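This report describes selected features of the structure shown below.

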Amino acid sequence: MSTKQKVYVIGHKNPDTDSIAASIAYTNLKNHIGNHDYEARRCGNISAETQYVLDRFEVKAPKFVGDVRTQVRDMEINKLPGVDGNMSLKAAWRKMKENQVVTLCVTEGKKLKGIITTGDIMESYMGSQDSTILAKAKTSYKNIVETLSGEMITGDPEDHMNEGKVIIAAGTPDLMEAYIEKGDVVILGDRYEMQLCAIECEASCVIISAGAKVTNTIQKIAAEHNCKIIVTPHTTFTIARLITQALPISFLMKSDKLMTFKLDDYIEDIQPIMASTRHRYFPVIDSNGAYRGMVSRRNFIGARKKQMILVDHNEKSQAVNGIENADILEIIDHHRLGTISTSKPVFFRNQPLGSTCTIIYLMYQEFGIEIDKQIAGVMLSAILSDTLLYRSPTCTELDKKAGEVLSKIAGVKPEELATEMFRAGSNLNNKTPEEIIHQDYKKFTAGDKILGIGQISSMDELELEHIREVVMPVLEETRKKDEVDMLYLMLTNIMKESSTVIFAGKNAENVIENGFMTTSKDHESVSLNGVVSRKKQMVPTLVNAISQES
């Protein structure tokens with residue numbers, strides 16, 4: 001099992017094919033050249049286009065992660081195994097000292113049943129004056145034998161004390177007959193007549209101090225009366241002092257309203273809870289309720305932030321939730337510089353190319369790592385998707401050269417792959433209007449304004465017109481839910497290399513009209529010939545228009 005810290009390679013929210021492919025391809029590269037355990041992740045749903053690509057090249061989708069704040073699982077968990085509820089107080093105290101903890105978790109199988117602390121043990125030991133407490137707790141004779149460092153010479157140590165009290169036989173036989181009752185545990189010495197008296201009074205057990213010898217006759221009589229005999233090297237005083245430590249911890253453990261934390265709990269959420277209680281240790285359970293260990297306040301100091309590599313974005317609004325609490329190691333992107341800040345220098349590679357996967361392709365070449373057929377297939381798909389089959393103004397010669405090499409490795413024709421991929425992506429029959437809007441959707445910051453810009457690409461004009469009719473009625477409602485000032489949806493015709501842009505939000509119409517020097521004929525859309533790129537055409541133009549208005 002690897003001891004290296006896991007590093008997530010993750011794209012943006014509402015991931016497109018480039019985002020997913022980049023996380024997969026870069027994870028593969030880093031696992032060849034890096035010194036961590038790298039894992040591809042996603043923070044949004046897989047689009048129909050991307051799912052087609054993954055299915056075609058038989059590549060598993062990255063696992064979903066919705067928040068990367070530090071969790072209990074990122075802390076140093078004390079994995080001290082749970083203990084059995086029949087454990088004696090003495091054994092529990094010794095285990096606590098050996099492991100330098102003040103709490104033990106009592107389990108049954110994998111399930112947490114309760115907790116016991118040194119405080120619980122001390123309170124019981126100092127406060128107990130009940131001579132029947134061992135019977136009330138159903139204490140096993142095995143616990144008594146172990147606690148007194150003794151030996152049971154008659155009887156079954158697996159039996160339990162179910163009745164009676166603990167008594168010291170300090171008087172004459174005549175006097176003790178008035179005190180000893182059926183089921184009592186009697187502490188005495190080596191006097192034959194006292195041993196016989198206790199047995200005939202139907203004591204359940206006699207404890208003989210100072211390691212005294214027990215005659216065969218007494219052993220025989222005890223067996224006939226079903227009376228157990230325990231011999232211990234301790235004095236009567238020591239026996240009396242120790243015997244309550246034989247209590248099973250289940251008798252004293254707390255089992256109601258236990259304060260537990262789950263592995264997936266966020267530490268910023270549990271810190272106030274810890275601070276408001278006097279407990280020092282808290283049980284940790286997994287999603288199935290199985291006990292996994294304990295954490296304490298001092299474990300917060302060593303909690304490791306999740307380590308991240310961001311691909312295909314560098315804007316905080318597009319990043320996975322909790323990114324400000326994560327440790328960003330690298331950023332690989334092809335967009336404008338955004339709003340993500342880091343606490344320390346990171347490896348940042350940003351190139352004005354049509355696809356993040358083109359950058360990653362170049363890195364494979366630089367490190368001399370061979371690209372296999374599956375990785376080549378998803379990378380090629382990403383380049384074709386982001387460059388709209390090399391028609392986007394963002395497309396460069398490097399994108400085309402990378403696509404040419406990758407298509408040969410993958411054994412596919414770019415035109416055929418693109419056609420099938422775009423057809424799958426534009427088949428939105430089973431999606432709600434909101435899902436259509438968010439299929440390929442990003443948020444951008446422009447001054448004090450937040451823009452939401454989605455894009456649907458298709459080779460079929462009638463299909464795009466249908467999509468417009470479906471989503472237009474919910475556009476304003478979606479804008480409000482997304483908490484953006486302006487929402488734009490590009491309906492891009494790949495073959496005509498043009499987009500119809502529908503919009504919602506105060507001043508959204510003026511901004512796009514002023515930016516592209518055009519006029520909306522219906523106050524809900526504009527037609528933009530030659531505009532197919534969100535990154536290189538839409539975003540810069542809208543941001544510039546907003547800046548000029550300000």
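## Cysteines

At a relative accessibility of 11%, Cys43 counts as buried; the term buried stands for a relative accessible area under 20%, exposed for over 50%, and partly exposed for values in between, with a 1.4 Å probe and protein chains only. Cys43 is placed in the loop between β2 and α2 (48-56). Here helices are DSSP runs of H or I with at least four residues, strands are runs of E with at least two, and both are numbered from the N terminus. The C-alpha atoms of Cys43 and Asp482 are separated by 16 Å, while the two residues stand 439 apart along the chain. The model is a predicted one, in which local features need pLDDT of at least 70 and side-chain atom pairs count only at pLDDT 80 or more, whereas totals for chains, interfaces and linings use all residues. Residues are numbered from 1 along each chain as its sequence is written, and side-chain values use heavy atoms, with hydrogens and water left out.

Cys357 is buried, with a relative accessibility of 0%. A disulfide is a covalent bond between the sulfur atoms of two cysteines; the rule applied here asks for a pair of cysteine sulfur atoms within 2.5 Å. By this rule the count is 0 disulfides.

## Salt bridges

How many salt bridges does the structure hold? The number is 29, where a salt bridge is a side-chain nitrogen of Lys or Arg within 4 Å of a carboxyl oxygen of Asp or Glu. One of them joins Asp130 to Lys136, with 2.6 Å between the closest N and O atoms. Asp130 is partly exposed at a relative accessible area of 28%, and Lys136 is exposed at 52% relative accessibility.

Another salt bridge brings together the side chains of Arg336 and Glu315, at 2.9 Å from N to O. Arg336 belongs to the loop between β15 (327-333) and β16 (347-350) and Glu315 to the loop between β14 (307-311) and β15, so the pair ties together parts that are 21 residues apart in sequence.

## A helical pair and a network

Lys481 and Glu477 also meet through their side chains in a salt bridge, at 3.4 Å from N to O. Both residues lie in helix α18 (residues 475-482), where they are 4 residues apart, about one turn of the helix. Lys481 is exposed at 58% relative accessibility, while Glu477 is partly exposed at 41%.

His36 occupies the loop between α1 (17-33) and β2 (37-42). His36 and Lys6 are 30 residues apart in sequence, and their C-alpha atoms are 6.2 Å apart in space. With 24% relative accessibility, His36 is partly exposed.

## Negative surface patch

Which residues gather in a patch of negative charge on the surface? They are Asp460, Glu461, Glu465 and Glu469. A patch is made of residues with over 30% relative accessible area and no salt bridge, like charges being joined within 9 Å. Asp and Glu count as negative, Lys and Arg as positive, and His and the chain ends are not counted. Glu469 is part of helix α17 (residues 461-471) and is exposed, with a relative accessible area of 54%.

## Positive phi angles

Most residues other than glycine have a negative phi. Leu389 is not a glycine, yet has a positive phi of about 55 degrees. Tyr390, also not a glycine, has a positive phi of about 70 degrees.

Leu389 lies in the loop between α13 (373-386) and α14 (397-410), and Tyr390 is found in the loop between α13 and α14. Leu389 is buried at a relative accessible area of 13%, whereas Tyr390 is partly exposed at 23%.

Technical notes:
Patches are made of residues with over 30% relative accessible area and no salt bridge: like charges are joined within 9 Å, nonpolar side chains (Val, Leu, Ile, Met, Phe, Trp, Tyr) within 5 Å. Accessible areas come from the Shrake-Rupley method with a 1.4 Å probe; for residues, only the protein chains shown count as cover. The place of a charge is taken as NZ of Lys, CZ of Arg, CG of Asp or CD of Glu.
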